[in-house]
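I opened a new page today to get to know this structure. Here is what I looked up, one entry at a time.

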Amino acid sequence: LGWFSELFGPLARGYWIFLVLLWAAVRLGTHGVTVLLAISTVQGLWGAYLNTGYFAGEILHSRLTAYWGYTLVLHLIGLTLAIYIEGLKRSETCLRQSEESLNQFSLAVRQSSNLIVITNEQAEIEFVNDDFTQTTGYTLDEVRGQNARLLASGLTPPDTFTILWQTLKDGHAWRGELINRRKNGAIFVAEQMISPIRQADG
């Protein structure tokens, strides 16, 4: 296997550092890669000066042309790897924090002691919390996609709904009383605040 060593020996000696850089980028980040690159640069230069190692003879034959080219490529690849991997880690951290915040918000809404209903622009119910179910007797599966007038008792003055919808169309929150009907037919009065929710694009 002498031919194998002759063919791949120099290659291994010259490029093993890229594997170490990859490890450093993953485990140590940009600062660790920078330190490793500095050590590698000094080590290569010192080896060329002593006429030993991968760059033996460089000072005499090419005035370190190969050494500086190799070092430049090493720095570019190492720092690019470190920056890219750190970006992936930050994105993963932000995503995890966003998921945790969303889960906390969802839990707070679901377990809120106030009756909460979320509808689309057509007043079709998309979400209700636990207090809605306890108050009205309807579960989310029963009301999802139903119009919010499902709870209407017919006893709320028509002017109330006129003012309500106009207020929401103007982008403001409405607060007032609605006379609603539970699933079992019982009438109840709900003090409610209804707010329009807009996407970032309006």
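I began at the hairpin of S1 and S2, with five residues between the strands, where Ala123 takes a positive phi near 65°. A note on the source: this is a predicted model, in which local features need pLDDT of at least 70, side-chain atom pairs count only at pLDDT 80 or more, and totals for chains, interfaces and linings use all residues. Residues are numbered from 1 along each chain as its sequence is written, and side-chain values use heavy atoms, leaving out hydrogens and water.

I found S1 (residues 117–119) and S2 (residues 125–128) paired in the antiparallel sense over three bridges. Pairing here takes at least two bridges found by DSSP between two strands. Val117 has Val128 in S2 as its bridge partner. Helices (H or I, at least four residues) and strands (E, at least two) are DSSP runs, numbered from the N terminus.

**Salt bridges.** How many salt bridges does a search of the whole structure find? It finds three, each a side-chain nitrogen of Lys or Arg within 4 Å of a carboxyl oxygen of Asp or Glu.

I looked at Glu86 and Arg90, which meet at 3.9 Å, N to O. Both lie in helix H4 (residues 65–110), four residues apart, about one turn of the helix.

Next came Asp141 and Arg144, joined at 3.2 Å, N to O.

Last, I noted Glu142 and Lys183 at 2.5 Å, N to O. Glu142 lies in helix H6 (residues 140–143) and Lys183 in the loop between strand S3 (174–181) and strand S4 (187–194), so this pair ties together parts 41 residues apart in sequence.
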